[in-house]
Amino acid sequence: MARPFGDDRMRRSRLLLLFLVMTLIPFAVGRSDAAGQLHVTVSTDKQSYGPGELVAVNGQVLDDSLNGVPFASVSIQANDPSGNPVHVAQVLSSTDGSYKDQFRAPPNPTNGGYAVYVTASKPGYADASSQAACVITPEFSTSQVPFLMLLAAILTVLLAKKREQGSVPSRNSRRQEKEPSRT
Amino acid sequence: MTLLLLSISLVAVISPMYVEGDTGVADHTTKTKKTETSTTASGSVTELTSGFILKADPPVHTVQHLKNGRTASATYSVRVTASSGFRGKVELSVDGLPEDADAFFNPEEGVPKPVLASILKVLIPPSTPAGIYTLKITGSSDHTSNYATTTLIVEGEATTRTTQKQDELRVSISTDKEKYDRGDEVRISGLVKLNLGASVAGATVSLSVLDPAGEEVHAAVMNTDQAGRYAENFTLPSIAVEGTYTVYATASMTGYKDAYATVTFTVGVSRLPSVRIVNATITMLDGTPSSEFKPGETVVVWTAANNTGVDLKSGNMWIEVLDPDDAPITVVVIVVTIHTGEQAQIGVHVILGSNAKLGTYTVRILVSDAPIMSGGKFLDSKEMAFVVSSDASQTATATTQTTTEIASTSTTESTSTSTTETASTTTSETTSTSTAETA
C-alpha cells in the first residue's frame, strides 16, 4: 500500500533537521569560550624572610590533563599582614607553563604572614586562582650590631660616672636605705 | 550634556615616602590615520613628505664622569610634530648608546596633537668609555618611521665595571587600532630593546593571535629591522568570531632569555572588558614632563586607559613604584569604572622622602578587572622609569602641549580610591576625599 505523500515529506524534513543538528553541534561546542579549566600553583622559595630579602614566587599553569599551558597571563598580588598590597605584577607562563616573579621584602616590614595571590588566565580557558603564604620578620641587621655595642658601652660608662658622683644610688646603697624600714 | 568631573585625592603618610593620588576622567579620542613618509635624517631634524617630524635638543650634550661611582646623565628634549592631519601613535626608541649606558623616554609613546613632547634620559655609569657617540632617536608609527640624530660626548676616565651587568631583552607590542570589524586589516608592530636602552636589530619575534575561544587565527615569525622594530599585517576573516583577541609576542636572541609581551583588541562586540593603557607620563607638579627628580620632590604619574569591551565596573588601576634596588616603595590602588568606548585618566602624586635613595626608579602601571586576591586579573600593564639624583637642576625639560588631560566630557565614572604603604612599619594614616561636579 502506498504511503500518503505528506508522510514522506515529513520524514524527509525530520531527516534534514537531524542532519542539520548533527552537523552544527560540533561547531557550537567548538566555539565555546571556555575549552577547559586552568589550574595554577604558586609557592615562595622560602617560608621566612628578613627585611629587604628577595622573595621569589614560582608556579606553574596547567590544563585539565596537567600539561603545562604556555602564554597564560599570571596576575600576582602580594599583601602584607594587614591586607595591604605590597607588590603587583603580570607575567606570562613559559613554554612548559612555569612562571617566575620576585619582589624585595619591605625594609621595615610589618611582622607576620604575607599572602601571595595569583590568577591565571588564557583565552579559551576558565580562569584559575591560587595563593601561598610566607613570613617576613623585622630583625636587627648585622650592620646594626657594632652600633648597638658602642651605645651599650657608652651608657655603661655614663652610669658608672654618675654613680661615682653620687647622683645614681648603687644597688648596695638602695638596699641600705631600705633595711631600716624592715626593722 | 553632562560634564562629570571627579577628583579624588588620597594621602598616605609613610616613611620614607608619602603618597597622594588624584584621579580625573577624560574622553576617548584615539584615532589613527595611515600615512606614508620617507625616512631621511638631516642633523637633528628629520625631513618628511607627510606624517610627522622629529626634533632632538640639544644637538650636542657633553657629560663628565662623576666621582664616587655615581651615574651621570644626559637629558634630551624630543619633539614629535604631526603634519597633514597625522594622528597615529608614535613610539620612540634610541640607538647608538655607549657601552653600559641605559636610556628611557618619558613618555615612551603617544599621539602628537599636533606635538608630542618627550624627554630622553641617558644614564652613563662610570664604566662607560669616554668618546663621541651619535644617538639615533627614532619615532615609529604604523606605516611611518622617522629619526633624528644628536651627539653625546662622554669625558673623563672610565672605571672598570664593578658588577657584571645582566642585559635582558624587552619586547613591546601594539596594534594600529584597539577595535576592528570583521574583514579589517590588523597591523601588529613593536620594538625589541635591551633593558631600558638600546634597540636590538636581528632579534627573532614570533607572533600568535588567539581568538576569544583560544583558537590561533594567525601566526608569524620575523626578524627586527635595524631600528629593532617588527611589524606584521593580517586580515580578519569575514566570519571572524566577535570578542576580545589576544596577540602574543616572543622575542629571542642568542645569549639572552626570551622576552614576552601581549596586547588585546576587540572585534565587533566583546562580552568582556577590553582595557588598554594608552598613555603614561611622568611629570612635575605643574604638569611638565620630567624624568629626573631630587629627594623631597613630587613625582606625578599620569596614565590613561581605554575600554573597547563591555563596561569595566569597579575595576582597579594600580601604580607600583620600585626603588633602585627593586624594592616596592608604594602601591596605590584606585577603583575605577570605565564604560564601553570611554577613557579613564588618573594621576598619582608620589612625594619622595628627603632621604630617598638615589638612582633609577621603576613605575609599574596595571589595570585589573578586580583585586587579584578576589580572583581578578590584570588586563594590561606598562612600565616607566625616572631618576632621583642629588643634582637634578641640570634637567632640561620639554614644553608640554599634548600630555595631561584632567577633565573631560566623558561620562566615565571614577568611584572610590584606596591606597596602601609598604615601606615601613610606622603608623600610617589614610584619608580620601572626592568631589563631583555636574554641569
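Mentor: Let's start with strand E14 of chain B, which is joined to strand E16 (residues 185–194) of chain B by seven bridges, the two running antiparallel. Strands here are DSSP runs of E, at least two residues long, numbered from the N terminus, and two strands pair if DSSP finds at least two bridges between them. Zoom in on Ser172(B) and you'll find Leu191(B) of E16(B) opposite.

Before going on, keep in mind that this is a predicted model: local features need pLDDT of at least 70, side-chain atom pairs count only at pLDDT 80 or more, and totals for chains, interfaces and linings use all residues. Residues are numbered from 1 along each chain as its sequence is written, while chains are lettered from A and ligands numbered from 1 in the order in which they are written.

Now widen the view a bit. E14 belongs to an open sheet of three strands in chain B, ordered E14-E16-E19, with antiparallel pairing. Strand E14 (169–175) and strand E19 (229–235) of chain B sit at the edges with a single partner strand each, so one side of each has no neighbour in the sheet. On average, neighbouring strands of this sheet are turned by 20° against each other, direction ignored (axes are lines fitted to C-alpha atoms, and angles run from 0 to 180 degrees between N-to-C directions).

And the rest of the chain? Chain B has 31 strands and zero helices (a helix would be a DSSP run of H or I, at least four residues).
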